[in-house]
Amino acid sequence: MSDHTQVKQVEMNYKKDRPKTKNPLKIEDLSLRDGHQSLFATRGRTEDMIPVAEKMDQIGFWAVEVWGGATFDTMHRFLGEDPWERLRTLKRYFKKTPFSMLLRGQNLVGYRNYADDVAKLFVKKTVDNGMEIFRTFDALNDYRNFEAVVPVIKESGAHFQGCICYSLTEPRLGGDVYNLDYYIKKAKELEAMGADSICIKDMAGLIAPYDAYELIKTLKANVKPMIHLHSHFTSGMSPMSMMKAIEAGVDIIDTCLTPYAYRTSHAALEPFVMSLLGTNRDTGFDINALADINEILERDVLPKYKHLLDDTKISVIDINVLLHQTPGGMLSNLVNQLKEMDALDKIDEVYKELPRVRKELGQIPLVTPTSQIVGTQTVNNVLFDTPNERYKMITAQVKDLCYGLYGKTSVAIDPEVQKKALKGYERGETPITCRPAEVLAPELEKAKKEIGDLALDDEDLIIYALFPVTGKKYLLQKYGKEKVPDAVKPITLEDVARQKEMIEKAKKGELIEKSKIKEVPEKSGNVRTFNVFVDGDYFEVGVDEIGGPPVITYATPTPAVAGAFAAPAKPASPLPPPPPKPRAAQAAPATNKPAPAKAAEPSVADGTPIKAPMPGMIIKYEKKVGDTVNEGETVVVIEAMKMENALPAPVSGVIKAINSKSGDSVARGDVLAIIG
Ligand code: MN
């Protein structure tokens with residue numbers, strides 16, 4: 001046993017008042033951000049954090065992560081919640097524990113680089129609303145993307161935590177890109193920028209225990225700031241890696257409360273508290289107080305989220321991560337993207353193509369947004385490439401990456417791929433080498449003009465500036481100008497109980513019988529649809545609340561679950577969709593109107609259709625009815641898996657019809673426009 005973890009021969013108990021050590025391990029709790037982001041598709045609601053907030057505040061965490069990453073996006077888009085309000089609300093309950101957020105560098109909490117004026121205002125308003133620690137990362141580890149935000153963080157007196165995204169090209173630490181020298185160099189860059197702490201951000205759970213030991217030891221010997229380890233459980237290695245990191249002298253580790261731990265989330269806190277009891281890294285945490293919190297979560301909160309757990313597998317460890325070194329979330333995205341395209345049989349080809357695409361795109365780390373960029377391009381290559389031509393459909397984000405808009409890649413991008421991607425690229429065909437945001441024009445004034453009076457303050461303005469389409473929709477709902485769709489309303493424990501009851505009935509066959517013997521009442525506008533899974537079968541059940549107990553109006557056995565994923569326009573469900581569903585499918589209920597019906601398809605005989613090659617959301621049409629287009633010119637831009645794909649005109653002609661508009665969800669094969 002290393003002397004760092006020597007058990008003291010002193011009297012002790014489980015309670016908080018046991019002898020204090022000189023160097024207790026510091027813990028950041030991730031339950032309220034990365035925990036529910038990893039396990040429950042970021043669907044955690046503020047109202048479900050409040051019951052444990054005050055108790056969590058008493059534990060003694062170094063920080064609690066409550067914001068950032070995907071929460072900002074998900075809250076306004078799927079939960080009908082104001083992200084700023086969450087910060088202010090939680091602050092009333094957490095009186096002493098500092099708040100931490102995940103900031104995607106110049107990407108803030110979105111998926112692209114925003115202009116400097118947006119970035120600066122964002123950080124300033126975030127501090128104003130109660131944020132204290134900014135865990136800042138850049139997907140390419142290009143710290144020029146920190147230059148706009150870090151001075152604002154430091155000037156506001158907040159804590160700047162600089163991240164190094166942990167990446168590998170071999171099964172273990174080493175090789176010629178991501179080796180110890182690389183991490184030392186990056187840590188020194190962060191130290192020079194004034195980092196108050198440095199975080200190894202192992203977003204995919206790739207760090208192996210002995211590599212963690214070596215890495216932490218080396219960093220501790222080379223830089224002064226505190227060293228923090230963030231890892232995901234996904235591969236099963238993280239608790240072992242954390243333990244070795246503790247032996248190597250890591251200052252802070254990330255954990256989750258047990259109900260939010262394991263699977264693609266994080267190591268659980270409680271086993272560390274017990275393992276370190278009486279050692280010189282004793283956390284000092286009261287294990288009984290933690291048990292109390294977990295009991296509340298188990299009883300009052302988690303039943304509302306259970307349906308979001310990916311229960312397609314029994315294993316809690318994702319062996320694929322060990323095999324392919326790609327983040328778990330990215331793999332499930334790929335699988336779902338293929339499912340939506342009825343091409344799941346191509347998964348092995350995707351696994352094969354993925355490292356190739358990654359290498360060609362500069363051997364970049366795989367983390368939001370680069371994991372989506374590489375993943376979606378890989379799927380596009382597998383589905384649309386021909387034996388004579390690779391990169392047939394290049395996403396807008398890959399073009400941006402090739403231009404240098406995300407920053408400098410770890411190694412040079414393949415020149416042929418780069419040339420092809422930049423052919424006809426709107427910003428120019430020669431890539432830039434400067435700090436990416438330098439080529440971005442200020443965005444705030446334009447956003448202000450566009451959103452007008454709908455934004456009452458800077459917080460509203462930022463929601464719109466970051467997410468123009470969904471942000472505007474949310475603001476319309478927030479100020480009562482648009483109806484809040486049922487799909488964003490919370491479910492209650494009563495809903496859960498009702499659903500359980502229905503499953504019981506369905507198992508006994510009572511659901512179907514009832515609709516047969518009774519005259520079926522007319523469906524009211526209040527009907528809410530539940531997906532009910534009974535053993536291998538799947539039922540779509542409509543529940544109409546008419547004042548009394550719920551009346552079951554219909555229960556339709558639906559074919560395979562896989563078929564349900566492909567169904568384009570399902571009625572709005574009160575339960576948020578399960579996590580593996582990609583955003584294209586999730587966007588449908590939130591639009592508050594049915595997705596374009598198949599019947600609306602105009603007669604294709606009049607011209608050549610442009611069909612959606614994948615399910616997604618319309619970003620914009622570049623042409624309108626009556627416009628002349630040349631073959632190859634972009635007609636419509638569709639977003640799928642958070643990536644934008646420009647769809648070119650297959651022939652020259654005149655736009656005869658346009659069938660959707662910005663914000664609409666479309667299914668694969670939907671006709672988006674007709675060229676005659
Ligand atoms: Mn994470």
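Tutor: Histidine 230 and histidine 232 are both buried, where buried means under 20% relative accessible area, exposed means over 50%, and partly exposed lies in between (1.4 Å probe, protein chains only). The model is predicted: local features need pLDDT of at least 70, side-chain atom pairs count only at pLDDT 80 or more, and totals for chains, interfaces and linings use all residues. Residues are numbered from 1 along each chain as its sequence is written, and side-chain values use heavy atoms, with hydrogens and water left out.

The two histidines each give an NE2 atom to the manganese ion, and Asp34 coordinates the ion through OD, at 2.1 to 2.3 Å. Donors here are N, O and S atoms within 2.8 Å of the metal (3.2 Å for Na, K and Ca); water is not among the atoms, so sites may look incomplete. Along the sequence, the donor residues are spaced D-x195-H-x1-H.

Helices (H or I, at least four residues) and strands (E, at least two) are DSSP runs, numbered from the N terminus. Asp34 is one of the buried residues of H1, and Arg33 and Gly35 are also among them. After H1 comes alanine 41, with a positive phi near 50 degrees.

Glutamate 353 is in helix H14, residues 347–360, and counts as buried because its relative accessibility is 11%. Leaving aside residues up to four places away in sequence, glutamate 353 touches Thr378, Asn381, Val382 and Arg390; contact means heavy atoms within 4.5 Å. Phenylalanine 285 belongs to the loop between helix H10 (269–275) and helix H11 (287–301). Its relative accessible area is 3%, so phenylalanine 285 is buried. The C-alpha atoms of phenylalanine 285 and phenylalanine 272 are separated by 10.0 Å, and these residues are 13 apart along the chain.
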